[in-house]
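Subject: Structure handover

Hello,

Here is the structure for you to take over. Please look through it first; my notes on what was found follow below.

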Amino acid sequence: MTLNLSHLLLLITVTLPTDVANAFATLPQNHKPLTTTALNSCSSRRELFTKSAFLVTTVATSSVGFVSPAYAASTQPPTAEELKRIKKGYEGIKYLLENFEKETTVCRENGGECKRDADPVRRYMGLRSTTDPLFQIEKVFTKVKYMDVDPDQLETFFEATEDWNTAVNMSNSMAFISQFGEYNPGGGKDEVLKYLNESQKQVIIAEGALKKIIDVLGI
């Protein structure tokens, strides 16, 4: 079985800007076919990641006389400010876990009733505002492939980002359910606390994943 390079490029260009993707359509069709054996030689995600990034960058810059600013920006490593966001967000999550009950308890003024509130979980995880340090931090993670990172650490980085994404989604879901647990049929304060505790478990996983990312990046 063989896979023509033009076919492979078609798959790659799905995620590229339109002007770059259109340029691939004009590539000559006399490339040597890429065999299944050759594809299988990319035995790890690290190798495939490196080779794919090199292929996209090389073909895009050689086939098109220019690269759109949006695409050019996406091929740059994270800025110092973006890396600081990761560190600041991590410190915020640590603080949340160390003060979880306090941060997730809201009391009315003048000694009024107190109740648990999961909204701070979503805020610390970067899910509430564009000003949150971890807001859409996944976009910063995608730029890491343009950093000078130890290749032996890439597998750890990939696994950590996968754990992070899963934990963020789960903590968001559990926190959201907790916020409305008191008002749902059959709900009450016990339901609020139940899902709040579940969201806390996901925050712990997220904190560990972010720590691994910080260690790999050396920040």
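Ser171 has a relative accessibility of 0%, so Ser171 counts as buried (buried means under 20% relative accessible area, exposed over 50%, partly exposed in between, with a 1.4 Å probe and protein chains only). This is a predicted model, in which local features need pLDDT of at least 70, side-chain atom pairs count only at pLDDT 80 or more, and totals for chains, interfaces and linings use all residues. Residues are numbered from 1 along each chain as its sequence is written, and side-chain values use heavy atoms, with hydrogens and water left out.

Ser171 lies in helix H10; helices (H or I, at least four residues) are DSSP runs numbered from the N terminus. The Ser171 side chain comes to 3.0 Å from the backbone oxygen of Val168. Neighbours within four places in sequence aside, Ser171 is in contact (heavy atoms within 4.5 Å) with Val121, Met125, Ser199, Gln202 and Val203.

**The core**

Met125, with neighbours within four places again left aside, has contacts that include Ile93, Leu134, Trp164 and Ser171. Met125 is also among the residues with the most contacts inside the largest nonpolar core, which has 33 residues. Such a core is a set of buried Ala, Val, Leu, Ile, Met, Phe, Trp, Tyr and Cys residues joined through side-chain atoms within 4.5 Å. At least two residues of this core come from each of H6, H8, H9, H10 and H11. H11 gives the largest share, 9 residues.

**Helix H6**

Helix H6 covers residues 80-98, and its 19 residues should span 27 Å at 1.5 Å a residue; the end C-alpha atoms are 27 Å apart, which agrees. The expected span is 1.5 Å times one less than the number of residues. Among the buried residues of H6 are Leu83, Ile86, Ile93 and Leu96. The buried residues of H6 pack against helices H7, H8, H9, H10 and H11.

**Aromatic rings**

There are 4 aromatic pairs in the structure. Rings of Phe, Tyr and Trp (its six-membered ring) pair if their centres lie within 6.5 Å; planes under 30 degrees apart count as stacked, over 60 as edge-to-face and the rest as tilted. The Tyr95 and Tyr124 rings have centres 6.5 Å apart and planes at 35°, so this pair is tilted. It links distant parts of the chain, with Tyr95 in helix H6 and Tyr124 in helix H8, 29 residues apart. Tyr95 is partly exposed, at a relative accessible area of 34%. Phe141, Phe157 and Phe158 make up one aromatic cluster.

Regards

Notes
Polar contact = N/O pair within 3.5 Å; in protein donor to acceptor, adjacent residues only side chain to side chain.
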